[in-house]
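This briefing covers selected local features of one protein chain.

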Amino acid sequence: MLLAVACATEENGQVDGANGEKKGDGEVFTFAMSGLYPPFNYQDSGKLTGFDVEVGIALAEKMGMKPEPVSNPWQTILAALESGKFDAIIGSMAITKQREKKVDFSDPYYESGAQIFVSHKNSSIKKADDLKGKEIGVVVSSSFEKVAKEYTDKVVTYDSDVTALQDLLVDGRLDAVITDELVGKHAINHNGLKVKPVGDPLYTDKMAIAVQKGNKQLLEKINKALKEIIDDGTHAKISEKYFGENILN
């Protein structure tokens with residue numbers, strides 16, 4: 001698939017998008033996510049909701065802007081941001097060196113771990129080393145895809161973590177899924193999915209908000225607003241609503 005990515009230019013600390021607009025310099029703050037990642041972001045009666053959405057709304061209010069959450073396929077979300085389709089990604093995106101080459105990241109707005117999940121009937125996978133040569137499901141273009149390939153070349157990619165977790169219950173489909181520990185726990189506790197975690201998280205990710213490379217003005221506004229919602233308790237309140245705990249650190 002050919003993706004039209006505009007050549008961005010920097011002017012007064014801002015970046016021009018594909019349509020010539022300076023992103024993040026208007027009355028509307030448009031932020032994107034997959035919309036397939038409950039409880040962080042998902043569709044409810046045709047409306048985007050979840051932890052990421054409420055954080056984005058709170059940030060927009062602090063910045064004096066109107067919030068506009070939008071969904072975008074995860075595998076093209078970075079290219080869409082670079083082309084100026086929206087102002088930022090607030091979609092539980094982990095900071096990685098590869099992504100830092102393409103976008104600028106805000107301060108982290110939560111931390112979580114990469115967790116192995118298996119069917120509740122699975123007794124053969126008890127630790128990470130047991131994944132060697134197994135069929136592992138992950139979301140396409142996620143940081144989990146890279147770690148899965150360290151254990152096996154049998155990696156099956158999905159558009160949704162929930163779909164991958166559900167496939168654990170289909171005989172002969174998957175041996176394990178690697179996804180965010182909070183996403184898996186939500187599927188167990190709120191959706192009654194009969195899967196279970198294996199061991200401790202493989203590693204911990206810092207999740208941050210991505211903006212176009214070089215858009216210093218918007219990044220500063222976001223970081224200022226993020227500090228404000230953390231300091232005044234708004235972030236903790238949203239976190240408690242969805243997870244019953246503060247997931248900032």
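Thr 49, in this predicted model, sits in strand β6. Setting aside neighbours within four places in sequence, Thr 49 is in contact with Phe 40, Asn 41, Tyr 42, Asp 44 and Tyr 242. The C-alpha atoms of Thr 49 and Gly 35 are 8.1 Å apart in space, and the two residues are 14 residues apart in sequence.

**A loop residue and its contacts**

- Tyr 151 belongs to the loop between α4 and β12 (155-158).
- Beyond neighbours within four places in sequence, the contacts of Tyr 151 are Ala 128, Asp 129, Leu 131, Lys 132, Gly 133, Ile 136 and Leu 202.
- For one of these, Asp 129, the C-alpha atom is separated from that of Tyr 151 by 7.6 Å, with the residues 22 apart along the chain.

**Backbone geometry**

- Most residues other than glycine have a negative phi, and most peptide bonds are trans.
- Pro 38 and Pro 39 are joined by a cis peptide bond, with omega about 5°.
- Pro 39 is placed in the loop between β4 and β5 (41-44).
- Ser 45 is a residue other than glycine with a positive phi, near 55°.
- The location of Ser 45 is the loop between β5 and β6 (47-49).

**Helix α1 against helix α7**

- Two packed helices are described by the angle between their axes and the distance between the axes.
- Helix α1 (residues 51-62) and helix α7 (residues 216-231) have axes that come within 9 Å and cross at roughly 110°.
- Angles of 65 to 115 degrees count as roughly perpendicular, so α1 is roughly perpendicular to α7.
- On the α1 side the contact is made by Val 55, Ala 58, Leu 59 and Lys 62, and on the α7 side by Ile 222, Ala 225, Leu 226, Glu 228 and Ile 229.
- Sorted by class, the contact of α1 with α7 holds seven nonpolar, no polar and two charged residues.

**Salt bridges**

- Side chains of opposite charge can pair when their charged atoms come close.
- The count is ten salt bridges, taking a side-chain nitrogen of Lys or Arg within 4 Å of a carboxyl oxygen of Asp or Glu.

**Pockets**

- Rolling a probe the size of a water molecule over the atoms shows where empty space is left.
- The largest pocket holds about 510 Å³ of space.
- Its lining consists of 22 residues, and Thr 96, Gln 98, Arg 99, Ser 141 and Ser 142 lie nearest the centre of the pocket.
- Helices α2 (77-82), α3 (97-100) and α4 (143-148) are the elements that give two or more residues to this lining.
- The lining of the largest pocket divides by class into seven nonpolar, seven polar and eight charged residues.
- The second largest pocket holds about 160 Å³ of space.
- Residues lining the second largest pocket are Ser 119, Lys 121, Asn 122, Leu 168, Leu 169, Val 170, Asp 171, Gly 172, Leu 174 and Asp 175.
- In the second largest pocket, four of the lining residues are nonpolar, three polar and three charged.

**The cavity**

- Searching the whole structure gives one cavity of 30 Å³ or more.
- About 200 Å³ of space lies in the largest cavity.
- Its lining has 18 residues, and those closest to the cavity centre are Tyr 37, Trp 74, Ser 92, Ser 142 and Phe 144.
- Two or more lining residues each come from β4 (36-37), β8 (88-94), α4 and β15 (204-212).
- Strand β8 gives the largest share of the cavity lining, four residues.
- By class, the cavity lining has eight nonpolar, six polar and four charged residues.
- Ser 142 is among the residues nearest the centre of the largest pocket, and Ser 142 is also among those closest to the centre of the largest cavity.
- Helix α4 gives two or more residues to the lining of the largest pocket and two or more to the lining of the largest cavity.

Key
Residues numbered from 1 in each chain as written. Predicted model: local features only at pLDDT ≥ 70, side-chain atom pairs only at ≥ 80, totals over all residues. Heavy atoms only, no water. Axes fitted to C-alpha atoms, helices over the stretch in contact; angles between N-to-C directions. Parallel < 35°, antiparallel > 145°, perpendicular 65-115°, else oblique. Contact = heavy atoms within 4.5 Å. Nonpolar A, V, L, I, M, F, W, Y, C, P; charged D, E, K, R; others polar. 1 Å grid on protein atoms, 1.4 Å probe; cavity = no way out; pocket = protein on both sides within 12 Å on 5 of 7 lines; lining within 4 Å. Points joined across faces, edges and corners; volume = space filled by probe spheres on them.
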